[in-house]
Amino acid sequence: MGGMKGLLKKGLGEMGFNAEGGVINWFPGHMAAATRAIRDRLKLADLVIEVRDSRIPLSSANADLQPRLSNKRRVIALNKKDLANPNIMNKWVHYFDSCKQDCVSINAHSKSSVKKLLELVEFKLKEVISREPTLLVMVVGVPNVGKSALINSIHQIALSRFPVQQKMKRATVGPLPGVTQDIAGFKIAHQPSIYVLDTPGVLIPSIPDIETGLKLALAGSVKDSVVGEERIAQYLLAVLNTRGTPFHWKNQNNRRMEGIRYESEEKHEYNLKNLRQRRKPPNKSDVLYIEDLVMEVQRALFSPLSEFNGNVEDENDLEGLIDQQFDALQKALKITQKDSEARLMVSKKFLTLFRTGKLGPFILDDVPDSKSAP
């Protein structure tokens, strides 16, 4: 991916990324304080559920905390599996298995999926020979990987198992007998009693290079305003082009890519912002509107790439192709603004379609070829 690497350095160098490595300090002080608090709480936890984004299984890890996490009983929960390519997801699970790391792919909004995760957690903790009557589970992860959604689902499952459940007032935790601390949590199992902390720990993402930072931004773990929507969209287009993804779309949707459209008698009143709120479109017309919009976007990316005579490994050629695709996207999305404002609007709508999975399941991280620490 030489063309993309060159394009990233050329177009994003002024952002202050350190291309040679090193963590980029763009996070507010309260997040650093939160990480220190997490380190303290980790000492009390008997097991850690580390939530990561299925689309970036390595990039969504906190590298600085991995040595501590790997020394704990840990289950890696690859969340948002509905947005990830299932074939590659299986390879990732196999990769973690090869590293002797428990891993399960989940959808935090699905109780059946979360129950499978809890079954694994209970199994791991029942292996523990402990005199402690209470075991504590902590949920951690970088921003926007779905920790709160997971906690909410666990809460609902916990209430169904133990209806008359109050917040835990006293738990025997810590390395020394008799050490107690007031911690609020949800009881998920009995004998041993297992509690999940009701507040997840938010970790600072580790950003050693430009591409990792852009992956985190694309998945929503870094605010768009920090990086800029246009830069994130440019990166996504670079990835799609170097992987030849629009050609796969053409093969999958051949008839509709040729221009065959559906029609509906109902009038749609749908805004792409609704997609981000996990609400189902209210009527058939809205569904068809989104399907047609996605098809127009896919066609807008496929056409310039199919006519492209350059080399996607050359940064200048790739930059020119992306500029053509931005113009095509502006027409497909019916955006009338001009110049930089148009690029911003195109970027926002294009990113919404990607982040909600409408462009298809996708995984940004490449599966490592050889074993390394997860």
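The crossing of helices H9 and H13 is right-handed. In this predicted model, H9 covers residues 229-243 and H13 covers residues 315-332, and their axes come within 10 Å and cross at roughly 110°. That angle makes H9 roughly perpendicular to H13, since angles of 65 to 115 degrees count as such. On the H9 side, the residues that meet H13 are Glu 230, Ala 233, Gln 234, Leu 237, Ala 238, Asn 241 and Thr 242. Their counterparts in H13 are Leu 318, Leu 321, Ile 322, Gln 325, Phe 326 and Leu 329. By class, this contact of H9 with H13 comprises eight nonpolar residues, four polar ones and one charged one.

H9 also packs against helix H7. The axes of H7 and H9 come within 10 Å, with a crossing angle of roughly 105°. From H7, the residues Glu 211, Leu 214, Lys 215, Ala 217 and Leu 218 take part, and they meet Arg 231, Ile 232, Tyr 235 and Leu 236 of H9. The contact of H7 with H9 holds six nonpolar and three charged residues, with no polar ones.

Phe 350 shows how separate stretches of the chain come together: leaving aside neighbours within four places in sequence, Phe 350 is in contact with Ala 233, Leu 236, Leu 237, Leu 240, Val 297, Leu 301, Leu 329 and Leu 359.

Helix H5 spans residues 111-126, and its axis and that of H6 come within 10 Å and cross at roughly 80°. H5 and H6 are therefore roughly perpendicular to each other. In H5, Lys 111, Val 114, Lys 115, Leu 117, Leu 118 and Glu 122 make the contact, meeting Leu 150, Ser 153, Ile 154, Gln 156, Ile 157 and Arg 161 in H6. The classes here are six nonpolar, two polar and four charged residues.

Ser 153, one of the H6 residues that meet H5, can be followed individually. Its helix, H6, runs over residues 147-161. Is Ser 153 buried or exposed? Ser 153 has a relative accessible area of 9%, and so it counts as buried, the limit being under 20%. Leaving aside neighbours within four places in sequence, Ser 153 is in contact with Ala 108, His 109 and Val 114. From Ser 153 to Ser 113, the C-alpha to C-alpha distance is 9.7 Å, while the two residues are 40 apart in sequence.

Two loops carry backbone features of note. In the loop between strand S4 (134-141) and H6, Asn 144 has phi near 65°, a positive value in a residue other than glycine. Asn 144 counts as partly exposed because its relative accessibility is 42%. The other loop lies between strand S7 (185-189) and strand S8 (193-197), and contains Pro 192. Gln 191 is placed in this loop as well. The peptide bond from Gln 191 to Pro 192 is cis, with omega near -5°. Gln 191 also has a positive phi, near 55°, and is not a glycine. With a relative accessibility of 67%, Gln 191 counts as exposed.

For the chain as a whole, the secondary structure comes to 14 helices and nine strands. Of its 374 residues, 50% count as buried. Among contacts between residues at least 6 apart in sequence, 75% join residues at least 24 apart.

Terms used
Residues numbered from 1 in each chain as written. Predicted model: local features only at pLDDT ≥ 70, side-chain atom pairs only at ≥ 80, totals over all residues. Heavy atoms only, no water. Axes fitted to C-alpha atoms, helices over the stretch in contact; angles between N-to-C directions. Helix = DSSP H or I, 4+ residues; strand = E, 2+ residues; numbered from the N terminus. Parallel < 35°, antiparallel > 145°, perpendicular 65-115°, else oblique. Left-handed = near helix turned anticlockwise from the far one by under 90°. Contact = heavy atoms within 4.5 Å. Nonpolar A, V, L, I, M, F, W, Y, C, P; charged D, E, K, R; others polar. Buried < 20%, exposed > 50% of the residue type's maximum accessible area, 1.4 Å probe, protein only.
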